[in-house]
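Work through the exercises below with the structure open, and try each task before reading its solution.

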Amino acid sequence: MSQALANDPKREDIVRLVDVSKIYRQGKIEVRAVDNLSLEIDTGDFCALCGPSGSGKTTVLNMIGGLDIPTHGQVFLERRDLASLSRGEVAAIRRDRIGFVFQAYNLIPVMTAYENAEFVLKLQGVSAVECHTRVMTILKEVGLVGLEHRRPDEMSGGQQQRVAIARAIVTRPAIVLADEPTANVDSATADSLLDLMQKLNRQDGITFLFSTHDKRVMDRARRIVRMRDGRIESDEVQG
Amino acid sequence: MNITSFALRNIQRNWHRSLVTTGAMAFAGMIMILYVSFIEGIYLGGLRSALALNLGEIQIHAKGYRSDPDLYTRIMDEKGTLTKLSDLGLHATPRLFGYGLAAAGTASAGVQIRGVYVDLEKRVIKLHEYLAEGTWLDQQDAKGVVVGRRLARTLGVKPGGEVVIVSQAADGSMANDLFHVRGVLKSVSDEIDRGGFFMLETTFRKLMILPEGVHEIVIMRDGKKTDLKQETAHLAAMFPDYEVDSWRTLSPMMATIMDSSDTSIYILLLITYVAVAMVVLNAMLMSVFERIREFGIMKAIGFGPWQLIALIYTETVIQIIIAIVLALALGLPLSYYYQVNGIDLTNFVSGTTFGGIAFDPIWRTLITPRAVISPIVTLAIIALIAVIYPAVKAALIRPVSAIHHQ
């Protein structure tokens, strides 16, 4: 089905994984992190990948984002086979089409909140005036006005995660890949971040794909894909 | 934030390491500026002295004179030759040479008698400024002579002392006369130190009964930037009846020394900077490994491999610029100090000659464009080469493994 399905113009999938496997080698032992998995994420989805630790959620996100390459199978993002692109082209896709939110925030330590949020816009070549407007708007949305000149080590975990989300969405990407975005923040912060992401999903149509085992995220997700041992265990759309 | 300010922050982030890296580059740069200035001072200064005090840049002789310096082998049309050279904008002075025995008291020594056109010689050769004692030749003092340093010591004479010269004149008669010493030269070359006996051209002609012709015409190209080889060939074509040679032909040993000084400079530059390159490589590798996770994040959010290389190179270039500024700020005043004051090694190397060149026992630096530019350019090139590996390594990092790097 792979190539024919991938090229079907009627479908509005933003992500398609076709028979994807990822095998890591630890010495002589082979670890099959993802096992022959096929998955489609439609544009505008608010989808959670759930499952216990080691089920392959993060690996799937990494392969969709071009951070990792599958051992077998194909990953399509907006109908482009990532394996057929150069490192530079994949970097450009990550810059222009994908927003990443990492569990450990992963902000750039020498930059302020403002500069972290502005970083990708600068890479995109957005003008200084436009950058300022967009960054200040997004910082306001995530509740960080007044903290824009603080560096990561001067902010709490919740504040850092807000900056990470601001960085991910400031470019208005096609898809946000969020790896356990609520794992290191308190409940109130988690709720407000999820409110924000839900709002962006509804208002701007940004696709969100979460890797999580947080019930709060699962409760809000329209679609839940459960994984176990690198395979999809269930795939259900919530009312 | 542009890449330069990003790089600046990264440099400030671990300022201890940045200080060590930049400091090592700056120190090496400073030492090399000082070293090359000394080499320039000693060798180039030696060469300039040899040319300006005796050899000149080009010499003209009658055919066969150089292989057999005979009193009778002369350039007979010296006036016409000098006029043609003057028309070309070249300063030239004729010389006369004879050989004899000098005696003072009970001491005697073989000497090379030189007849000098005082006014012309002063325009071409700076020997008159190189006196250890007394004064230079004077048209009004027909019997006054200037002698080489060791000759004066051998004969036991000082300015005011008397010397008798005995030789064979051009007509076969015995040439002899009594002269008084006007001046004693500093160390110029082996030949002049041991046997240099300078007198007025008119006095020489009377002593040696040689009314016409000269043995040598010495040319300096002050201010002319033309290629020496081409100029020599041009003059050789102009004067086909004479032998025209550059100082490189006249003193091949000196030419070899000058050429080898270039080699020695570059070998030492290379050795010093390879050590510096190791420091830079090590520092940049540490810097890259320390930030692998950060680079992974940057790549994950769209920073391209070439941008990462540009960032690391910008960090290196900033450090190189700081190192160069420091090297210049420290190296130039230090070199200038030794250019003015020198290191006095009179007690160790007084009268040392090498390849016929007398080296000044006071070692001085000479700040030339090469003494400044070559250490700096070499430093920059070596540091930029050293950082290729860390930069490429960072560029090839796979984001996923970098992000999970501990």
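A residue is called buried when its relative accessible area is under 20%. The model used here is a predicted one.

**Exercise 1.** Decide whether A:F100 and A:F102 are buried or exposed, and find how their rings are arranged.

*Solution.* Applying the cut-off, we find that both A:F100 and A:F102 are buried. Rings whose planes are under 30 degrees apart count as stacked. Over all chains, the count comes to eleven aromatic pairs. A:F100 and A:F102 form a pair with 5.6 Å centre to centre and 5 degrees between the planes, and this pair is therefore stacked. Elsewhere in chain A, ring pairs link A:F46, A:F208 and A:F210 into a cluster.

**Exercise 2.** Identify the buried residues of helix α3 (residues 87-97) of chain A, and explain on which side of the helix they lie.

*Solution.* The buried residues of this helix are A:V90, A:A91, A:I93 and A:R94. They cover an arc of only 155 degrees around the axis, so they lie on the same side of α3(A). The partners against which these buried residues pack include β4 (72-77) of chain A and α12 (305-340) of chain B.

Key:
Residues are numbered from 1 along each chain as its sequence is written. Chains are lettered from A and ligands numbered from 1 in the order in which they are written. This is a predicted model: local features need pLDDT of at least 70, side-chain atom pairs count only at pLDDT 80 or more; totals for chains, interfaces and linings use all residues. Side-chain values use heavy atoms; hydrogens and water are left out. Rings of Phe, Tyr and Trp (its six-membered ring) pair if their centres lie within 6.5 Å; planes under 30 degrees apart count as stacked, over 60 as edge-to-face and the rest as tilted. Buried means under 20% relative accessible area, exposed over 50%, partly exposed in between (1.4 Å probe, protein chains only). Helices (H or I, at least four residues) and strands (E, at least two) are DSSP runs, numbered from the N terminus. The arc is that of the directions from the helix axis to the C-beta atoms. Contact means heavy atoms within 4.5 Å.
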